Amino acid sequence: MTVYLNGQFVAREAAVVSVYDHGLLYGDGIFEGIRLYSGKIFRLDEHIRRFFDSAKAILLELPVSPKTLAEALHEGVTRYGKDEGYIRLVATRGPGDLGLDPDKCSAPTLFFIIDTISLYPEKFYREGIPVVTASSRRLPADGLDPRVKTLNYLNNIMAKVEAKQAGCIEAVMLNQRGEVAECTADNIFIVRDGVLSTPAPHCGILQGITRQTVLELAAEERIPARESILTRFDLYTADECFMTGSGAEIVPVTRIDGRIIGSGNPGEITGRLILAFKGLVRGLPAVNVAR
Ligand code: PMP
């Protein structure tokens, strides 16, 4: 593992933050989860852009420029030395006196960790996973815009707990209008009659970088795709369903709230997109089995 903290690479034992850090005290901060494939940082520009957008939205002035941050990340990858890994990039409001006021904090804390990633078991990709709808709703944009990747994940964590209590590993989260938003740390897609659909940004989602990649791959694969409003009915009656995220990549979903999706096995278009995604990130040829 490699850790960078406030401008320096430090040993694990030295990688500590203050108990007065407002990131810890109030969840006042932002983060990114980024993948390292074959020694390359996947979609780094997009992650840096989202990180700076999140910072701007919460009035957090980062102590580095996007270019300096990218250079530090590249140096971190060199020091890490392995080809595959996961990067957790975090910025908090920094240490300050007790009390919510961000002006109590003199300087933000900026760190990243590069480490190995614990992947989902291969079985999930082969067989698909069951999910349930959680009663915990995604936060409305007039409370905290879901496009900001903040350190406030407690409602998502509660939804994850509901999933586990129902014997699943993931939950679908709805927005305040009862429309489908996303999973607890992943975006969601369905396929019906050959058309790919995913909740639009205004449905209250984090605009996932894997989601965007999948939309681009769908265009390359000539799979019609749209961003729209989806309800639970649309999920239940879909031919295929899958979720996407930097850690999970593309995971087929084969049961939702006890309803079997399509044939109950990962769908054909899902399979094509998984292959195309693997081809993109691992340099494998994107063999199209369906054609
Ligand atoms: N939604 C939420 C709530 C997330 O936290 C994440 C990232 N873990 C995603 C979607 C997927 O985003 P990305 O593809 O950029 O990892």
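# Chat about the ligand site

User: Hi! How far is a polar side-chain atom of lysine 149 from an oxygen atom of the ligand?
Analyst: Hi! The distance between that polar side-chain atom of lysine 149 and the ligand oxygen is 3.2 Å. I count it as a polar contact, a pair of N or O atoms within 3.5 Å. This is a predicted model, where local features need pLDDT of at least 70, side-chain atom pairs count only at pLDDT 80 or more, and totals for chains, interfaces and linings use all residues. Side-chain values use heavy atoms, without hydrogens and water, and residues are numbered from 1 along each chain as its sequence is written.

User: Good to know. Which oxygen or nitrogen distances do you have for serine 246 and alanine 185?
Analyst: For serine 246, a side-chain N or O atom is 2.6 Å from an oxygen atom of the ligand. Alanine 185 uses its backbone instead: an N or O atom there lies 3.0 Å from a ligand nitrogen.

User: And how much of the ligand does the protein bury?
Analyst: The protein buries 93% of the 390 Å² that the ligand exposes when taken alone. Those areas come from the Shrake-Rupley method with a 1.4 Å probe.

User: Where does the ligand sit?
Analyst: In the largest pocket, by the rule that more than half of its atoms lie within 2 Å of the grid points. A pocket is an open set on a 1 Å grid, with protein on both sides within 12 Å along at least five of seven lines, and lining residues have an atom within 4 Å of a point.

User: What is the volume of that pocket, and which residues are closest to its centre?
Analyst: The largest pocket has about 710 Å³. It is lined by 31 residues, with Tyr86, Arg88, Ala185, Asp186 and Gly247 closest to the centre. Helix α5 (154–165) supplies the largest share of the lining, 3 residues.

User: Changing topic: how many cavities of 30 Å³ or more turn up?
Analyst: The whole structure has 2 of them. In a cavity, a 1.4 Å probe fits but cannot get out. The largest holds about 80 Å³ of space, and Lys149 and Tyr153 are among the residues that line it. Its lining has 5 nonpolar, 2 polar and 3 charged residues.

User: What about the second largest cavity, which element gives the most to its lining?
Analyst: That is β3, with 3 residues. The second largest cavity has about 50 Å³ of space, and its lining includes Ile209, Thr210 and Ser246. Both β3 (29–37) and α6 supply at least two residues there.

Terms used: A polar contact is a pair of N or O atoms within 3.5 Å; within protein, one must be able to donate a hydrogen and the other to accept it, and residues adjacent in sequence count only if both atoms are side-chain atoms. Grid points are joined across faces, edges and corners, and a volume is the space filled by probe spheres set on the points. Ala, Val, Leu, Ile, Met, Phe, Trp, Tyr, Cys and Pro count as nonpolar, Asp, Glu, Lys and Arg as charged, and the others, Gly among them, as polar. Helices (H or I, at least four residues) and strands (E, at least two) are DSSP runs, numbered from the N terminus.
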